[in-house]
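Visitor: Hi, I'm new to this one. Can you put it up and walk me through a few spots?

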Amino acid sequence: MKAPRAAAPSVSRIGLAEVMAFGAGDMGFNIIWGLMLSYLAYFYTEISLLPVQMVGFMLMAARAASLVTDPVVGLWIDCRPVGRQAIPVLRAGIAPFMVLVALTFIPLPHMWPVGMRGLCAAMGYMALCVAYGVVNTAYGAMTSLISRDHDMRLRLATSRMVGATLGSLLVSITTLPMVDWLGHGNRQAGFALYMVVVACVVGGLLWLPSRFCHERVATDGGT
């Protein structure tokens with residue numbers, strides 16, 4: 001019979017700062033998720049001038065790819081060493097994720113053939129979805145790795161919900177006004193500048209849980 005695996009050594013007491021840092025991560029993810037749901041199709045059709053059918057197929061294909069990559073990332077995280085299963089993956093994925101967030105909303109030159117613009121947009125969005133899946137899966141796994149205590153996990157989940165709500169609210173209130181302000185009425189330039197700001201903000205929000213949260217629980221898959 002397999003002996004139960006000991007938990008990773010406790011780093012510190014789980015305080016309010018760690019709980020708030022954890023919630024900041026979901027705020028960052030929901031900023032990006034809200035932008036992709038609400039504005040990406042608009043950006044591709046009205047700013048990048050791609051055909052609607054092409055955009056629809058591109059969005060569907062990228063999400064289908066995520067259905068494959070996300071479970072694979074989850075299995076990989078589960079097999080990583082105890083105490084270093086999720087947080088190092090999150091930390092390593094922040095910078096590439098920030099770059100892809102900014103690149104996805106850069107308008108492509110209209111003089112390019114529509115097929116080339118569509119291919120570049122599809123590759124960029126698919127890469128963003130994969131990067132999002134990697135860092136989001138790592139972040140989601142942290143809930144069960146930070147603490148075994150039911151009440152503490154409930155506090156972490158509540159912090160996530162608060163962060164998610166704030167992220168979605170921020171997107172709905174600020175996006176178009178900030179795009180118009182940064183671009184001085186030119187939404188091509190405005191979106192590009194706004195997404196650079198968003199990438200930096202989201203990177204900072206994701207850095208908080210990667211820096212201030214700790215894995216204390218060993219899983220059966222960890223080595």
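Visitor: Let's start with His184. Is it buried or exposed?

Guide: His184 counts as exposed, because its relative accessibility is 73% and anything over 50% falls in that class. Keep in mind that this is a predicted model.

Visitor: Okay, and where does His184 lie?

Guide: In the loop between α6, which covers 150-183, and α7.

Visitor: Which other residue has a positive phi, near 60°?

Guide: Leu49, and that one isn't a glycine either. Leu49 follows α2 and sits in the loop between α2 and α3. With a relative accessible area of 45%, Leu49 is partly exposed.

Visitor: What about α2 itself, which of its residues are buried?

Guide: Helix α2 runs over residues 40-47, and its buried residues are Leu40, Phe43, Tyr44, Thr45 and Ile47.

Visitor: And what do those buried residues pack against?

Guide: Quite a list: α1 (16-38), α3, α4, α5 (114-146) and α7.

Visitor: α4 and α7 are both in there. At what angle do those two pack?

Guide: About 175°, with the axes 9 Å apart. Here α4 is residues 87-104 and α7 is residues 187-212. An angle over 145 degrees counts as roughly antiparallel, so that is how α4 and α7 are described.

Visitor: Which residues meet there?

Guide: On the α4 side, they include Ile87, Leu90, Ile94 and Phe97. From α7, the residues taking part include Met195, Val198, Val202 and Leu206.

Visitor: Staying in α7, where is Leu208, and how accessible is it?

Guide: Leu208 is in helix α7. Leu208 counts as partly exposed, because its relative accessibility is 26%.

Visitor: What does Leu208 touch, leaving out residues up to four places away in sequence?

Guide: Ala21, Ala24 and Cys213.

Visitor: How far is Leu208 from Phe22, in sequence and in space?

Guide: They are 186 residues apart in sequence, but 7.1 Å apart in space, going from C-alpha to C-alpha.

Visitor: New topic, the surface. Which residues make the nonpolar patch?

Guide: Leu67, Val68 and Val72 make it, and the patch is about 320 Å².

Visitor: Tell me about Val68. Which helix does it lie in, and is it buried or exposed?

Guide: Val68 lies in helix α3, which is residues 52-78. Val68 counts as exposed, because its relative accessibility is 56%.

Methods: Residues numbered from 1 in each chain as written. Predicted model: local features only at pLDDT ≥ 70, side-chain atom pairs only at ≥ 80, totals over all residues. Heavy atoms only, no water. Patch = residues over 30% accessible without salt bridge, like charges linked within 9 Å, V, L, I, M, F, W, Y side chains within 5 Å. Areas by Shrake-Rupley, 256 points an atom, 1.4 Å probe, with all protein chains shown as cover. Salt bridge = Lys/Arg side-chain N within 4 Å of Asp/Glu carboxyl O. Helix = DSSP H or I, 4+ residues; strand = E, 2+ residues; numbered from the N terminus. Buried < 20%, exposed > 50% of the residue type's maximum accessible area, 1.4 Å probe, protein only. Axes fitted to C-alpha atoms, helices over the stretch in contact; angles between N-to-C directions. Parallel < 35°, antiparallel > 145°, perpendicular 65-115°, else oblique. Contact = heavy atoms within 4.5 Å.
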